[in-house]
Amino acid sequence: MSKLVAALPMYDWPEMRGEVDAQWAKLRDAFRQRGIDAPEKMARSNRDLPPVPGGIRDDTGRLIASDPATLPPDEFDFHQLWLSPALLFGQTCWGPMELGLAGHVQVVAQPSYDEIEGGQGELYSSALVMLADGGRSVASPEDGKAVIPLDLVRGKRFIFNNPDSMSGLLGLTHDLEAIGETLDIFASRSESGGHRSSIVAVAEGRADVAAIDCQSWALAQRFEPAARRVKVVGWTARRKGLPFITARTTSADVVASMREAIAELGLKGSAAKQPFVERIV
């Protein structure tokens with residue numbers, strides 16, 4: 001049994017489990033054909049992460065995360081996954097990368113968002129959603145520049161998925177700063193715990209506006225009934241999408257073999273028809 005860990009948690013909605021599993025099976029088999037000891041199944045909870053007695057430490061010996069064995073087994077701490085020395089293949093967000101994760105992992109590849117509204121190649125953007133009022137949704141701009149309807153969102157209650165999310169918070173923050181504004185334009189800010197929860201909160205009137213990454217928005221239109229009660233009023237600027245990563249300690253040979261396998265497969269995930277990879281880093 002492999003001692004390594006793999007996970008694709010960022011779009012692993014309950015309705016998507018079968019498709020995500022199939023995607024991993026193709027990757028796993030391609031990795032194994034190249035001599036990589038890829039795990040049979042992906043991790044989906046803290047119990048699936050190998051213990052690290054004494055906690056996870058960086059190259060200097062500094063403690064950067066607790067032992068996964070000490071965490072609630074039925075929950076899934078993504079930071080524990082990303083920092084695990086056993087991580088073979090995973091996916092993260094450029095928010096955590098920007099806030100320090102980049103120093104502890106290696107980027108393997110970037111997915112493509114070509115066939116998703118709001119995406120272009122390795123770039124993606126977030127849809128700004130508010131309660132539907134009978135009007136039409138705003139289409140993603142062809143030039144990929146931000147479309148922030150200040151007149152509509154000023155003074156409203158903003159909800160975001162996580163504080164370190166590029167798509168749900170940091171990207172919008174950067175776009176507002178570029179036009180001389182800040183998150184203070186909102187009357188309040190609250191955390192939902194996930195893009196899907198943010199959509200539901202807006203639909204139910206517990207919040208007024210949220211930024212939802214374009215692939216999550218595509219999934220919501222497939223699977224989340226609340227998405228029918230909100231509409232797109234703007235878009236954040238396009239920026240790098242969610243990278244595929246591996247542990248900093250993964251050897252150069254293994255990284256090269258994974259990149260080769262990904263490029264050769266040219267996989268397409270059926271979630272919103274997203275091509276699996278746009279660029280090998």
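Two rings of Phe, Tyr or Trp (its six-membered ring) pair if their centres lie within 6.5 Å. Keep that in mind for this predicted model.

**Exercise 1. Find which residues form one aromatic cluster, and state how many aromatic pairs the structure holds.**

Step 1. The structure holds nine aromatic pairs.
Step 2. Trp24, Phe31, Phe89 and Phe244 form one aromatic cluster.

**Exercise 2. Classify the ring pair Tyr113 and Tyr124: stacked, edge-to-face or tilted?**

Step 1. The two ring centres are 5.2 Å apart.
Step 2. The planes of Tyr113 and Tyr124 meet at 35°. Planes under 30 degrees apart count as stacked, and those over 60 as edge-to-face.
Step 3. The pair is therefore tilted.
Step 4. Now place the residues. Tyr113 sits in the loop between β5 (105-110) and β6 (123-124), while Tyr124 is in strand β6. So the pair ties together parts that are eleven residues apart in sequence.
Step 5. Check exposure. Buried means under 20% relative accessible area. Tyr113, at 0% relative accessibility, is buried. Tyr124, at 2%, is buried too.

**Exercise 3. Describe how helix α1 (residues 17-33) and helix α8 (residues 252-265) cross.**

Step 1. Two packed helices are described by the angle and the distance between their axes.
Step 2. The axes of α1 and α8 come within 9 Å and cross at roughly 125°.
Step 3. That angle makes α1 oblique to α8.
Step 4. The crossing of α1 past α8 is right-handed.
Step 5. List the contacts. From α1, Lys26, Leu27, Ala30 and Phe31 meet Met258, Ala261, Ile262 and Leu265 of α8.
Step 6. Sort them by class. The contact of α1 with α8 has seven nonpolar residues, one charged and no polar.

Note on methods
Residues are numbered from 1 along each chain as its sequence is written. This is a predicted model: local features need pLDDT of at least 70, side-chain atom pairs count only at pLDDT 80 or more; totals for chains, interfaces and linings use all residues. Side-chain values use heavy atoms; hydrogens and water are left out. Helices (H or I, at least four residues) and strands (E, at least two) are DSSP runs, numbered from the N terminus. Buried means under 20% relative accessible area, exposed over 50%, partly exposed in between (1.4 Å probe, protein chains only). Axes are lines fitted to C-alpha atoms, for helices over the stretch in contact, and angles run from 0 to 180 degrees between N-to-C directions. Angles under 35 degrees count as roughly parallel, over 145 as roughly antiparallel, 65 to 115 as roughly perpendicular and the rest as oblique. A crossing is left-handed if the near helix is turned anticlockwise from the far one by less than a right angle, and right-handed if clockwise. Contact means heavy atoms within 4.5 Å. Ala, Val, Leu, Ile, Met, Phe, Trp, Tyr, Cys and Pro count as nonpolar, Asp, Glu, Lys and Arg as charged, and the others, Gly among them, as polar.
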